[in-house]
Amino acid sequence: MTDGRPSFSTEQAETIAEREFGITGRAKLLASYADQNFLINGSNQKFVLKIANQFEKPEVLDMQNQAMRWVKGKTMYATPSPMAAKSGRDLVLIQSENASYWVRMVSFIPGSFWAEGTPAPEFWPALGQAQADLNLALIGFSHAAQNRELKWNLTQVPKLDFSVIKHPEKQALACFHRDRFNQWVTPHIEELTWAVVHNDANDHNVLMSADGQQPLGLIDFGDMDWAPRLCDLAITAAYGVLDQDEPLRILAQIVAGWHSVLPLTDLEWSCLWPMVCGRLAMSVRHSAESRAAEPENEYLAVTEAPAWRFLEKAKSWHPDFVERYLRAASNCLPSPQTIAFQIACLQHHYKPIMAVDWNRALSFPLDGSRPELLPGSADAQTWSEQVQSILDFAQAPVGIGGYAEKRTLYQSPLFHLSGKAREIHLGIDLFAPEHTPVYAPLPGKIHSLKINNNSQDYGGTLLVKFTWNGPALYALYGHLSHASLDHWQVGDTFEAGDTLGFLGNEKENGGWAPHLHFQLMFSDCGYEGDFPGVATQDEAAAWLDLCPDPRRLMNLPECLTASAFADKSKLRERRQSRLAANLSLSYSEPLYMVRGYGQYLYDEHGRAYLDCVNNVAHVGHCQKQVVLAGQKQMHTLNTNTRYLHHHILDLSDALCATLPGLDVCFLVNSGSEANDLAMRLARAFTGQQHFYCFEAAYHGHLSPLIDVSPYKCLGPGGLGLGPAVTMLPLPDTVRGAKAFSDPGAGAFYAQPALDILASAAKRGIRPAALIAESIPGCGGQLVLPQGYLAALYQAIHEQGGLVIADEVQTGLGRVGTHFWAFQQHGVIPDIVTIGKPLGNGHPVAAVVTRREIADAFANGMEYFNTFGGNPVSCAIALEVLKVIENESLQANALMVGEYLKEQFEALKNDLPQLADVRGTGLFLGLEWVHPDTLHPNPELASQVVEGMRHHQILLSTDGPHHNVTKIKPPMVFNLSNAESLVKLLRELLGIRKV
């Protein structure tokens with residue numbers, strides 16, 4: 001509308017001001033676009049004389065005046081006020097050179113224009129707040145002229161003709177942003193909230209405080225129009241981003257300020273960025289047109305150059321990303337797509353991405369917490385071999401690199417953006433041998449493909465789009481072999497479970513150890529055959545919302561890929577403040593375990609530790625069938641034994657079938673409960689109170705059990721044996737007078753114990769029972785010589801007592817040769833106790849005895865254990881027994897145990913400090929001594945345990961002198977594990993295998 005622009009002089013402006021408004025003062029011409037504005041410096045006050053364009057309609061000017069009155073005093077902004085003319089009217093019509101012009105006078109708003117100063121960081125959110133506040137103030141305002149057609153209305157962007165821009169590249173750039181506006185905004189334009197908007201809060205209309213921290217005022221209501229309210233934010237933001245080093249950061253602050261006052265809707269979030277760019281495309285288009293008409297008017301092109309620079313940058317910022325970036329700055333994540341994705345994931349069944357057992361997967365954090373996983377200075381092939389050796393040790397089919405993990409290993413220029421490192425990982429890495437096939441979890445089609453050959457790039461890359469009942473979902477398969485891409489063309493379809501490709505080697509996948517980079521995206525963001533796989537820290541929240549967690553599509557447990565667990569030192573502090581001081585921790589540097597499976601435990605950094613000591617996880621940590629059995633029964637029923645249920649009977653039948661002559665079961669919660677109950681049974685049956693136990697024995701933590709546990713009651717803090725307890729000596733396999741292999745060793749070593757029994761009998765002491773571990777564990781994993789137990793069993797029986805076989809640690813096939821350790825000695829106990837290995841760690845245990853003993857206990861006092869023998873515990877225990885049988889774990893214990901003993905005997909020949917190798921099956925002990933004196937060497941035993949812990953092997957010490965390394969792993973411990981144990985022990989002790 002520059003054709004009808006007025007051209008009054010300052011003298012004429014002064015005359016008009018005095019004649020029409022009664023205001024005297026000097027006039028100064030101000031910059032303007034289509035009209036003329038003069039600053040009138042009165043004697044006590046300043047005003048602005050506004051002479052409208054010749055073609056401006058008076059009703060539009062009236063709308064502006066009425067709007068200024070409407071918002072006055074209601075906003076954070078200071079705004080002009082219309083001044084009445086001498087005639088009493090707001091508008092005065094004047095004549096000049098055969099043309100008529102409408103004239104107004106408004107109050108002057110002091111301050112410096114935003115364009116003239118340097119805004120402080122606080123300015124940007126305050127600007128957004130002020131503009132939102134103005135829009136709140138305009139709610140309810142309407143005017144007959146509000147529906148005028150204005151070329152600066154953002155809804156006109158789709159109609160823009162950019163042929164007036166003669167530079168071909170610039171014209172194409174403007175068209176790009178117009179087309180993006182048409183794609184993202186135009187279909188939804190009528191769905192947005194419409195209102196009367198200011199429409200021009202630019203850097204020449206907003207006044208700023210002297211310190212640059214606050215927007216003070218807003219002038220020029222000349223572009224007011226009826227439009228989506230979002231236009232006002234887009235216009236303000238469009239001028240805020242010009243010539244900024246980090247335009248998105250400035251934009252985000254403006255938007256966050258607006259959102260804090262006038263919350264944006266999901267649709268507004270989606271439309272905002274294309275609107276910002278659309279406004280600047282409109283600006284350069286109108287500027288080009290106006291310059292052609294008035295080349296001498298510099299104001300017409302004031303924003304043109306910075307607008308072009310911004311539009312070029314903005315082309316690479318996709319609306320899907322920018323929306324999330326802005327949402328993140330306003331704390332409005334997750335986006336609707338993320339929420340829809342999470343819901344849809346619960347409703348679908350997915351095919352595996354790799355044909356592996358995820359339970360055996362190994363966490364591969366590349367955040368620096370595990371330096372051995374990082375390439376360092378190693379060449380690609382060496383690093384690949386290093387990665388594979390780590391997988392081999394843990395017997396893991398795949399190593400999983402974490403989603404949202406912060407990594408510092410990226411050195412290529414590809415991973416640096418404007419001086420900022422891209423280090424937040426947006427997908428999941430699956431490390432596996434080259435040629436490993438990878439599959440589609442859902443049906444879909446090939447979206448794009450490319451071989452990215454740069455160093456540390458993706459190599460063979462597929463982008464696919466899945467078909468499912470959820471939001472648009474793409475996936476990137478990176479680091480494939482080049483040959484994988486030969487099978488596909490863009491648009492090819494595939495089904496769930498189809499092979500999409502094979503892992504490439506380090507020569508074709510960017511120099512990485514073979515692995516799959518698997519990443520999900522809600523949008524392709526305009527990429528073809530490529531997509532950012534890592535993000536800068538300041539953009540991470542946006543990218544992570546755009547690229548959802550693949551674990552939801554893979555059914556992976558969170559602990560497989562999350563390395564950001566609680567700080568160990570803080571956990572230790574909490575433990576010290578909340579738990580008792582005598583609840584000890586293993587190792588000088590305690591371990592923080594977050595996951596277990598099979599014979600492995602995994603720490604917070606994903607390291608796999610070969611568990612050689614946790615016998616309670618009898619058939620392996622988190623054994624799948626055992627876990628499922630418990631889940632299934634827990635989902636159905638869990639209650640006490642006052643009701644009939646078949647599980648308790650099935651478990652009792654199964655246990656009695658392994659113990660000929662014992663036919664009654666009591667089910668309890670722990671080995672301590674089992675041993676306590678066994679002692680009560682013995683008292684009830686024999687009528688006696690006296691018990692015999694072995695030297696260094698441990699039978700549980702209940703008070704009566706501490707009395708018969710010399711390992712505790714004769715140790716630090718102990719009060720001595722109970723008043724009705726006698727301790728029997730154990731033979732010493734290292735320092736004893738006879739070798740255990742001697743045919744007469746059993747009788748020889750039994751004689752001192754028999755003498756004690758005979759002496760007690762002469763004093764009138766009759767036993768209730770001998771409670772004895774069939775292989776003393778705290779006694780040093782001591783396999784007693786043949787004939788020893790038989791002699792003691794016989795003597796106790798002859799005195800009318802019972803024998804309690806404590807099989808808490810040694811039962812259920814652990815000794816390899818037999819299901820129960822006492823069977824190795826040809827003896828039959830009266831009572832057998834079984835601990836939590838029966839439930840693989842679940843609180844279930846058992847006491848099995850003869851009918852007459854059980855009947856003697858039924859003396860009128862009811863025996864009740866609320867959850868001993870509950871359906872869930874019994875279901876779990878039954879499954880444990882099935883797994884032992886179906887997986888031949890007793891035979892495995894025998895085979896692996898014999899191999900270990902053979903290897904340890906060879907080690908003993910090379911190492912005089914190793915005095916004895918003993919045990920049976922997977923219940924073994926290594927006794928360490930000072931070789932010259934054969935005195936126990938607990939320091940060396942402790943060093944072995946600590947040293948092996950650093951080799952990721954878990955061991956522990958036991959024995960009366962704490963100088964025995966005990967080895968009692970889960971029963972799935974195999975020959976490969978045994979080889980690793982022996983190899984690393986030799987390395988620790990500095991002994992080469994000949």
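Is serine 481 buried or exposed?

Modeller: This is a predicted model. In it, serine 481 has a relative accessible area of 9%. That is under the 20% cut-off, so serine 481 counts as buried. The residue lies in a loop, between strand 20 (473–480) and strand 21 (493–494). Leaving out residues up to four places away in sequence, serine 481 touches Gly460, Phe502, Leu503, Gly504 and Glu508.

Now the sheet around that loop. Phenylalanine 431 stands opposite histidine 515 of strand 23.

Glutamate 372 sits in the loop between strand 12 and helix 11 (380–394). Its partner is arginine 607, with the closest N and O atoms 3.7 Å apart. Arginine 607 is in the loop between strand 26 (600–603) and strand 27 (608–611), 235 residues away from glutamate 372.

Two other pairs are worth a look. Aspartate 549 and arginine 551 form a salt bridge at 2.3 Å, N to O. Aspartate 549 is buried, at 14% relative accessible area. Arginine 551 is buried too, at 12%. Arginine 949 pairs with glutamate 589, and here the closest N and O atoms are 3.9 Å apart. This pair links distant parts of the chain, 360 residues apart. Arginine 949 is in helix 25 (residues 938–950). Glutamate 589 is in the loop between helix 14 (568–578) and strand 25 (593–597). Arginine 949 is buried at 5%, whereas glutamate 589 is partly exposed at 41%.

Salt bridges with shared partners also join Asp732, Arg735, Asp916, Arg918 and Glu927 into one network. Strand 35 (residues 914–920) has 7 of its 7 residues buried, so the rest of the structure largely encloses it. Strand 35 pairs antiparallel with strand 36 (residues 923–930) over 6 bridges. Arginine 918 has glycine 925 of strand 36 as its bridge partner. Between the two strands lie 2 residues, and glycine 921 takes a positive phi near 60° in this hairpin.

Note on methods. Residues are numbered from 1 along each chain as its sequence is written. This is a predicted model: local features need pLDDT of at least 70, side-chain atom pairs count only at pLDDT 80 or more; totals for chains, interfaces and linings use all residues. Side-chain values use heavy atoms; hydrogens and water are left out. Helices (H or I, at least four residues) and strands (E, at least two) are DSSP runs, numbered from the N terminus. Buried means under 20% relative accessible area, exposed over 50%, partly exposed in between (1.4 Å probe, protein chains only). Contact means heavy atoms within 4.5 Å. Two strands pair if DSSP finds at least two bridges between them. A salt bridge is a side-chain nitrogen of Lys or Arg within 4 Å of a carboxyl oxygen of Asp or Glu.
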